[in-house]
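Please look over the sequence and structure shown here before reading the report.

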Amino acid sequence: MPYTNQAAALIHSVKAVGERLIAANPVELAVGNVVRRVLHIVREEDLSLTTAAMAGLNLSAESDDEDDTDRDNHPALSAAAIAAASRSTLRPPSLQTLLEDVPDSAAVPHTSSSGGDSEGKSKSADKSSRSRKLKHDVIEAVNELIQDISTCHELIAEQAVEHIHQNEVILTLGSSRTVLEFLCAAKEKKRSFRVFVAEGAPRYQGHLLAKELVTRGLQTTLITDSAVFAMISRVNMVIVGAHAVMANGGVIAPVGLNMVALAAQKHAVPFVVLAGSHKLCPLYPHHPEVLLNELRSPSELLDFGEFSDCLDFGSGIGAPLLHVVNPTFDYVPPKLVSLFITDTGGHNPSYMYRLIADYYSADDLVLERRTTSGN
Amino acid sequence: MNPNPNIDFSHLCFLLFLQKSTKFFERQLSMDARRMSRAVPRVRQVGFFTPNTPAQQPQPQSAAPSSESPPLSDSPASNSLSPVMIPPPRHLSDNLGGRTAAVPVPGREISGELPTVGSYNPSESVLWLDSPPRSRIGDEELSEGAESSLGWYRRSDSAKFASSLPSGGFNLSTAKHPESVAAVEAKNPLPEQSEVQKEQASSSKPLKAKTTKAERRALQESQRAAKAASRAEANKSGTPGGAPSSKPMKQPPQKKDGPPVASSIAASERIGVDRSVEKERKKDLPPPRKQFDDESRGGRAKRRSVLNQPEARNRVELFRHLPPHKNGTQLPSLESKFFELHEKHPAVYKVGLQYLAGDLSGGNARCIAMLQAFQEAIRDYSTPPEKTLTRDLTSKIGGFVSFLIECRPLSMSMGNAIRFLKSRIARLPLTLSESEAKTTLCSDIDRFINEKIVLADKVILRHAATKIRDGDVLLTYGSSCVVEMILLYAHELGKQFRVVVVDSHPMLEGQKLLRRLVVKGLSCTYTQLNAISYVMHKVTRVFLGASSIFSNGTVYSTVGTASVAMVAHAFRVPVLVCCEAYKFHERVQLDSICFNELGDPDAISKVPGRVDVNYLDNLTDKQKENLELLNLKYDATPSDYISVIVTDYGMIPPTSVPVIVREYRKEYLLI
């Protein structure tokens, strides 16, 4: 890697670290997402610097105009990939950017390398200051990202009053901090409603959530998972957290939620998933029940002491008679999800793939996938 | 003794008659009255008694007075009687004496009515005569019958009788079905001899003191001679033999068509009486369930109850209409009350305690335990003086049942079994001695257990096993004994399959099932309900048990069953529900909330074997105020999720449940 190309070097090293992190737990999709977000930030910062430099050289007057008049000028300027890239980096993510990103994404890699080279030649004097600036910007942006992630609960919770009305009956399963804050936010706004919490065996996080909710004065009913179907007909809305949101709008969620979602669909109860944008994963799920799942210890379900003779090779044929299956996650297909509430607002499942383009660079998706599959 | 033998005799006959067939009589009376006022008994005519046409004309007039003679026909009793179809054959004959029907009531004190009553008899006697094959039956039996009847009558015929009559009518009303008649007749296999017997019976009554057979006979003989002239004689209806009166002559033709009365009845049902069937159905609507949020009734129940009602804390708003769970902590207090509750039979008491402690679970096990306890109670039962077995035993059983309900709400299947038992009791022929009645009932119970549960399960096994192929992966939820038997049976047949046992907190019954299956060498997969979507991919069949199936096809079963069926449906896996037909119920239900059973709420916060789950251990009072724990026992699976119901009548779609319920009910009351 040429020393001149700061951004590429940075991307490379971030990737290397990212791969290790992902390899540590490939099922924890949020790790990959954040690595991608960081990579995206690096690329964006690099681009914006480049653009700024280019603008300083020859396009300084034009670049502002282009933003306003890009529809007319676009064909003429399409050759100027850098300018296009600059638009995308300088504007906050929006649907318009996304649409324009499509042609850009092909050009970006090219841009970064060629731009880097040209920079190296033309601006060697500038180099040290630029690299410092890049580093500074990246750090700042990453801090922002950290900020975003840590405040996403609040951003989501702010929307609670828009979705919860008086005397609502809400069902949730297991425990999720996002859900807890969402409900509490509505409670603080003087909405009075009732919550059914399914306990979420075998981890029984529902007990924890129920405890938190009653501590904050919410009317809470703790039910068994098996009673979900019985109770869902009296529920107005199901609100759950997610482990990850896939690009197709499917959800990797704590085990049991597919059942809840099916029951909700049967009774036409809205199934709402709360997810911070860092949970949005650019992958499309393939056989997610198996490939994106994690099997936990059977001891959560069965007492080893009682069943030791069968868990083992007790039958004498060499094959154990007893298997214990204890998956951690469920895959909820997009058709069962009514709404996603993220820190950027509510979205339909069918819209999730659009958001991906906001947060990730296209070339990172491929790379990540290779690393995950490699591991 | 009344100086006027004739009156006395007729009086006695009347009493006898009342005793023996109060139920029918009243029913008929009321029916007759009603029918007559409506004016056309044409249904009757259709099939059976053509000859009587002339009689019908008189009826209307007679009817009018009878209906006016209010006491009986208008009495609530008669109204409350289920409008059962009356076996038409009798009626016709009654019609002749139709007016009689109403009359007897007022006539309790006076023998004047007797003639009318008597008119009723002939038909019955005819019926009796119809079943000649039994003529062989020994004298002893006859005499025994006579004796028993003697006993009965003696008890009741005294002063009591007046009062007993109406109440008897009420109680007996439970036995609404014509079959009872058949049963009665069947049990009294008296052909020609029947006459003799009747006479014995009737004569015996007057002689309250013991008389020897010979004496009785002599008496009868003499009386008979006297009576022969008077129609009153016929009144002995109570028992078999009516004197051959003019009517019997007419009837012989009928007899031919239905030697066993039952068949004739069946025929009658088929042919006519749609209306009455209709009505019966209406009346048979299950009574509304007790709602526990109803203050007035709840209060009463509380006062009566043996167990302390747990306080309302932690009760879920939505389920206030259901009785709160009574947990085993009340066991000691209940145990200590044993001697206060002397009217509870120890066997029943024991079963009640087992329910309460949760030692007995599973629909079939509970039902069998209950029936066997009743059996024991019946064996030890003796009719208190001045009461009749039928009524007293029915109320006894009622007391047992309410005690059991207090320990734990009954399942539908147990309700059905109790209904069966009560109908058997109500249908006991009055001629039976106490010991005979008791053995009859015990054997009825045995037969019910055997036919409706044990054999039914065997049939289900056969059916279900045909649906298991090599290489299948079968999923089952919770612990259903039928499903367990099916799995073991299929395993014995040498089929190669794998079983997925799905379980759920807090019952964790699946672990015990898993234990038993693994010991038998079946290869199993065990998982929690939440992981159902994960395992369902590989499953090829889902076998579920049921606590009850409602006539809209809803399967009422262990909580969680609905979820399993739903997920299976979503994955296009066939769902087979295995359930004995005696668990079918004519109720309908759409959700799991209107009717359900609440389990111990505290069971939720504890997870056996998981000390790390203790989040709810130390809650402050304020926290507890907001927290409700809901432990539902059952849920209702919509019929769309059920592919097939495997029952002892074969494999049926859920839409056929009402058909089975209807057909089956008839049959099981007939057993």
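The report below covers a sheet with the helix across it, and then two further helices.

## Basis of the report

This is a predicted model, and the descriptions that follow should be read as features of that prediction.

## A sheet in chain A and the helix across it

In chain A, an open sheet is built from 3 strands in the order β5-β6-β9, with antiparallel pairing. Its edge strands are β5 (244-245) and β9 (329-332) of chain A, each of which pairs on one side only. Strands of a sheet pair through backbone hydrogen bonds, in either a parallel or an antiparallel arrangement.

Between strand β6 (residues 251-254) of chain A and β9(A), the antiparallel pairing extends over 4 bridges, and A:Ala253 stands opposite A:Asp330, a residue in β9(A). Helix α10 (residues 257-266) of chain A lies across β6 and β9 of chain A, and α10 runs at about 35° to β9(A).

## The buried side of α13 in chain A

Helix α13 of chain A spans residues 352-359, and its buried residues are A:Met352, A:Leu355, A:Ile356, A:Asp358 and A:Tyr359. These residues lie on the same side of α13(A), because they cover an arc of only 155° around the axis.

## A mostly covered helix in chain B

Helix α29 of chain B, which comprises residues 561-570, is mostly covered, with 8 of its 10 residues buried. The buried residues of α29(B) are B:Thr561, B:Ala562, B:Ser563, B:Val564, B:Ala565, B:Met566, B:Val567 and B:Ala568. Just after α29(B), the backbone at B:Arg572 adopts a positive phi of about 60°.

How values were computed: Residues are numbered from 1 along each chain as its sequence is written. Chains are lettered from A and ligands numbered from 1 in the order in which they are written. This is a predicted model: local features need pLDDT of at least 70, side-chain atom pairs count only at pLDDT 80 or more; totals for chains, interfaces and linings use all residues. Side-chain values use heavy atoms; hydrogens and water are left out. Buried means under 20% relative accessible area, exposed over 50%, partly exposed in between (1.4 Å probe, protein chains only). Helices (H or I, at least four residues) and strands (E, at least two) are DSSP runs, numbered from the N terminus. The arc is that of the directions from the helix axis to the C-beta atoms. Two strands pair if DSSP finds at least two bridges between them. Contact means heavy atoms within 4.5 Å. Axes are lines fitted to C-alpha atoms, for helices over the stretch in contact, and angles run from 0 to 180 degrees between N-to-C directions.
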